[in-house]
Amino acid sequence: MKLNDTTLWFGRMTVVAAMALAPACNGLAEDTADENPEVQSSALASASAPVDDKARLGAAIFGDTRLSASGTQACASCHEAGRAFTGNNNPENPLFPVATGAFVDLVGGRNAPTAMYMKFSPRFGFVLDEGEYTPTGGQFWDGRADTLADQAKGPFLNPREMAVASKADVVALLRTASYARLFRRVYGRSAFDDVDSAYDDMADAIQAFEETPTFAPFSSKFDAVLTGRARFSAAEARGFALFQDPEKGNCIACHAGDPTSHEPSDWLFTDFTYDNLGVPRNAAITDNADPAHFDLGLCAQPGLAAKLPPDIEDKAAFLDSLCGAFKVPTLRNVAVTAPYMHNGFFSTLRDVVTFYVTRDTDPARWYPCGGDGQPKKFDDLPEAYHANVNTSEVPYDRHPGEAPRLDAAEIEDVVAFLGTLTDGYRPRRRQ
Ligand code: HEC
Ligand code: HEC
């Protein structure tokens with residue numbers, strides 16, 4: 001949760017390496033991965049069309065493939081309703097780790113996160129917490145957009161996404177869209193006259209759509225349990241306890257909820273902070289063909305230096321400490337949003353949870369071998385930033401030879417609990 005509390009991991013690693021087990025360094029070991037990971041889809045209530053004109057307009061824009069250079073890609077291509085508004089637009093491989101653009105040869109560098117519940121993300125900023133500045137909020141894995149509307153201005157012009165040449169081109173397409181009349185009704189007769197304001201209005205409409213209950217229905221089994229309308233199975237209940245236990249999963253430290261509250265909106269399963277998990281490098285990402293390429297996450301957020309609180313003395317060191325950190329994603333609907341993490345490295349929840357607890361007890365299971373036959377931990381970060389990886393917080397505070405914080409049965413329980421976070425749950429009627 002806090003980025004600055006790193007331990008003296010390297011000192012210990014040398015000691016441990018001396019008595020190393022013979023690591024196989026398979027990267028993601030075959031027996032770890034699920035045999036047939038399949039894309040799950042949620043029973044998300046096929047959302048009733050928004051009633052409000054502005055949100056209705058936003059929905060039309062969100063689904064309009066005309067608004068891309070190829071004429072084939074919309075927001076909805078990478079944010080599909082049936083996958084809790086994720087998906088990387090790769091019909092041939094729905095588990096493809098990162099987003100595929102309007103032109104398929106232009107593959108992006110990151111996995112599309114869910115747009116659901118993101119209206120609750122505060123603007124990006126540094127929150128003073130127990131004397132430390134904690135980066136918090138924003139949209140995207142690196143928080144670079146402050147609001148949903150700011151976020152929505154990006155994809156149309158991103159060459160690796162919808163790839164339209166200019167704002168003027170986007171507005172010209174809006175002007176001839178089937179919903180142009182609705183656009184004028186919402187934003188005025190002369191709505192299309194000024195390119196910049198029409199573009200901003202479009203983003204405003206998208207935000208209105210993303211603020212509707214379609215994106216935050218709070219209709220999961222978890223919500224039903226919270227409000228006394230359903231009960232967890234035994235495995236789900238054990239999983240929820242492990243999720244909260246500070247000595248076991250400790251997931252709630254970042255994937256936050258208020259244990260004293262029965263109000264679903266107090267359980268967003270993120271505190272919108274940033275953390276560095278040391279997720280393994282994903283060779284399937286084309287950018288990674290260049291060994292010198294690294295996605296540094298938060299510290300590479302454009303303009304970040306100018307946003308630092310003025311009283312931080314060593315700004316360069318502070319910025320460095322943010323390299324490799326990514327935003328804590330919500331876990332709502334996570335059972336239907338594979339693949340996982342900013343680089344889509346994992347295809348199943350079982351792998352994610354297993355990684356959390358065995359990253360440090362059995363690193364050879366996750367990282368490839370280095371020249372010395374030892375697993376190259378944190379291989380997706382330059383050496384200089386390895387110390388940024390969180391090695392102090394439960395559950396990833398272990399060392400080789402120690403027992404993982406969760407055993408195999410407990411991992412299954414946590415996965416069962418995560419399955420209760422999928423929206424569209426319908427309690428069965430009593431017979
Ligand atoms: C080519 C696939 C693609 C398209 C098209 C696309 N997105 Fe995304 N979306 C992504 C990826 C990848 C990210 C994460 C990028 C990053 O963090 O740098 C993202 C991030 C987001 C987020 C931030 C969520 C969070 O957790 O921070 C929102 C909201 C969002 N997109 C909405 C939209 C909207 C609205 C559109 C249409 C204007 C759109 N997306 C078009 C792939 C896509
Ligand atoms: C110290 C903070 C922290 C703790 C503790 C933590 N997580 Fe996370 N979690 C994160 C961050 C940050 C990411 C995104 C990392 C990235 O993509 O590089 C993440 C990502 C995930 C994802 C992938 C979600 C997605 O949409 O891609 C899952 C699933 C997950 N965590 C589950 C858990 C579970 C289960 C636990 C407890 C066993 C847990 N986390 C503990 C910070 C934390």
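Modeller: Let's start with contacts in the protein chain: among those between residues at least 6 apart in sequence, 71% join residues at least 24 apart. Bear in mind that this is a predicted model. The chain has 13 helices and 4 strands, and buried residues make up 44% of its 431 residues.

Colleague: Take Asp413, then. Why is Asp413 called buried?

Modeller: Count the neighbours. Asp413 has 24 other C-beta atoms within 10 Å, and the label needs 20 or more, so Asp413 is buried. Asp413 sits in helix H13, residues 408-418.

Colleague: What is Asp413 in contact with, leaving aside its neighbours within four places in sequence?

Modeller: Ala235, Arg238, Gly239 and Leu242. As for Phe240, its C-alpha atom is 8.0 Å from that of Asp413, though the two residues are 173 apart along the chain.

Colleague: Over to the strands. How do you know that E1 and E2 pair?

Modeller: Pairing takes at least two bridges. Strand E1 (residues 125-129) and strand E2 (residues 132-136) are joined by 5 bridges and run antiparallel, so they pair by that rule. Val127, for instance, stands opposite Thr134 in E2. The two strands form a hairpin with 2 residues between them, and Glu130 in the turn has a positive phi of about 50°.

Colleague: Which other residue has a positive phi, and is it buried or exposed?

Modeller: Met341 has a phi near 80°, and it isn't a glycine. Most residues other than glycine have a negative phi. Met341 lies in the loop between E4 and H12. With 20 other C-beta atoms within 10 Å, Met341 is buried, since 20 or more is enough. Tyr117, in the loop between H3 and E1, also has a positive phi, near 65°. Tyr117 has 24 C-beta neighbours inside 10 Å and so counts as buried.

Colleague: What makes the bond between Ala338 and Pro339 cis?

Modeller: Look at omega: for the peptide bond joining Ala338 and Pro339 it is about 0°, and the bond is cis. Pro339 is in the loop between strand E4 (326-327) and H12. The bond from Val394 to Pro395 is cis as well, with omega near 10°.

Colleague: Last one: which residues come nearest to ligand 2?

Modeller: Cys251, Cys254, Asp275, Tyr340 and His342, out of 28 around ligand 2. Helix H12 (residues 349-358) gives the most to that shell, with 4 residues. By class, the shell has 20 nonpolar, 6 polar and 2 charged residues.

How values were computed
Residues are numbered from 1 along each chain as its sequence is written. Chains are lettered from A and ligands numbered from 1 in the order in which they are written. This is a predicted model: local features need pLDDT of at least 70, side-chain atom pairs count only at pLDDT 80 or more; totals for chains, interfaces and linings use all residues. A residue is near a molecule or strand if its C-beta atom, placed from the backbone, lies within 6 Å of it. Ala, Val, Leu, Ile, Met, Phe, Trp, Tyr, Cys and Pro count as nonpolar, Asp, Glu, Lys and Arg as charged, and the others, Gly among them, as polar. A residue is buried if 20 or more other C-beta atoms lie within 10 Å of its own, exposed if 12 or fewer, and partly exposed in between; C-beta atoms are placed from the backbone. Two residues are in contact if their C-beta atoms, placed from the backbone, lie within 7 Å.
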